[in-house]
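Please keep the sequence and the structure in view while reading.

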Amino acid sequence: MAPRSRRRRHKKPPSSVAPMVVTPVPLTFSKPGPSIDALGFYSLENNVPGLSQLILQKLNMKSYEEYKLVVDGGTPASGFGFRCPQEMFQKMEDTFRFCAHCRVLPSGLSDSKVLRHCKRCRNVYYCGPECQRSDWPAHRRVCQELRLVAVDRLMEWLLVTGDFVLPSGHWSQPTEVVQGWDTWFSMRCLQLDATLDAVLGSHAMTTLWASVGRPRPDPDVLQGSLKRLLTDVLSRPLTLGLGLKALGINVKKGGGSTIHVVGASHVETFLTCSRDYDELGYMFPGHLGLHIIMVGVDVAAGFSQSTSTSSLEPGTIQLSGYRDLYHNFWEEKVETGQTAYPDLVAAFHPGFHASPDLMEAWLPTLLLLRDYEIPTLITVYSQQELTASLQILVDLDTHITAYGVNPFKSLKPEQVYSNPNKQPVYSSAYYIMFLGSCCQLDKRQVEEKVDGRV
């Protein structure tokens, strides 16, 4: 944590801010700051030495920079690509091949040994029976969840190819009634069943399982996977809706409403388009336009550029991106009036609790949000992250208005790549909302409330 003397103060805006004309922000390239994508990639070496190089090798890449270029939507100079779907899925599976117990890679095996996966989950690998037996006490706790992960990472290809199109359309229930996934699935039941049946019977599904070199699971297993993938895609827009409701944001003001997603990366921006946020619009019938601006050093290069300078049309959703740290974006675009003052700022898994470098990068942004009294929503993966993040925000004197389990968290388990037997996590599992400063919770109160309520 940086000492208080390093905190950067910002002048507060006027108490009443008039609606501004929304100017879409085209993607801008500037010198990047600390990248959570890069830190995550290189951290693979901490648990499995050589894993990052194995991944690059299987993708026919020479460096992380080439990998990042592809993630950003660019074309690398090397021979990246696959001759057929079978090769693609095989290479993808090869990146998971290391012993979950001793961490040995295929290149480190003796001639008499070979990596074989657990027959139950088909997800983790072992170099021999001894390692598998030794690892079973740890693996048995997560084996069933990792079985879901193994199916989901193959089925996700249908989202990439566009063969799994999410159900859409106006809500048949008021927003107040749809309190979480149970009521959402109940509301979408008939439409969702038709969508899932069409995907299960599609040629794309048949081709997928013919290409992966393993038996096709039963229909109920595949349907469960499609539902989990659906929640993973819709979790972000519906979580934004949760924040708009809980923080009392008026989405029917003239000129539309503006949401800034800070710390955005390829997760939020690669292959993303405005229709992915249609569900947020259906959550607020009669809204006068929603402009969502993704801001972060890892925003995908080809993400939603717009040259329009007109106000939002009622009922429309517009996405755009800006590649930089948020406090720089604020000074260059918001303070100069080139884009609208935000009605809500959201950060999905900012990770400032995990690294001094990330905390240093996030500190000016957190102080800006506090000092300008901007309604802010943050999501985290786990209760441990929730507790650590709450304490940091308390130390920064932010006024925490709410926190807890997110009713629209992703239901798709996420495996920790280089530590496969670590408990899987779920995107946006918990949320924190804050507004301004003067939080009264001390460390003891935070721990008591988290332990007792979350």
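Which residue stands opposite Leu290 in S4? That residue is Ser257.

## Basis of the model

The model is predicted, so that local features need pLDDT of at least 70 and side-chain atom pairs count only at pLDDT 80 or more, while totals for chains, interfaces and linings use all residues. Residues are numbered from 1 along each chain as its sequence is written, and side-chain values use heavy atoms, with hydrogens and water left out.

## Strand S4 and its partners

Helices (H or I, at least four residues) and strands (E, at least two) are DSSP runs numbered from the N terminus, and two strands pair if DSSP finds at least two bridges between them. Strand S3 (residues 257-262) is joined to S4 by six bridges, and the two run parallel. S4 is also joined by six bridges to strand S5 (residues 317-322), again in parallel, and in S5 Tyr322 is the bridge partner of Val295.

Because six of the six residues of S4 (residues 290-295) are buried, this strand is largely enclosed by the rest of the structure; buried means under 20% relative accessible area, exposed over 50% and partly exposed in between, with a 1.4 Å probe and protein chains only. In a regular strand, side chains alternate between the two faces of the sheet. Leu290, Ile292 and Met294 point one way from S4, whereas His291, Ile293 and Val295 point the other way, and all are buried.

## Nonpolar cores

A nonpolar core is a set of buried Ala, Val, Leu, Ile, Met, Phe, Trp, Tyr and Cys residues joined through side-chain atoms within 4.5 Å. The largest has 56 residues, and those with the most contacts inside it are Met155, Phe164, Trp184, Met205, Trp209, Leu280 and Ile292. Helix H12 (residues 219-246) supplies the largest share of this core, nine residues. A second, separate core of 36 residues includes Phe329, Tyr341, Val380 and Leu390.

Leaving aside residues up to four places away in sequence, Met155 touches Met205, Leu208, Trp209, Leu222, Ser225, Leu226 and Leu229, where contact means heavy atoms within 4.5 Å.

## Helix H3

Helix H3 (residues 51-58) has six of its eight residues buried, so the helix is largely enclosed by the rest of the structure. Its buried residues are Leu51, Ser52, Leu54, Ile55, Leu56 and Lys58. After H3 comes Asn60, whose phi is positive, near 60 degrees.
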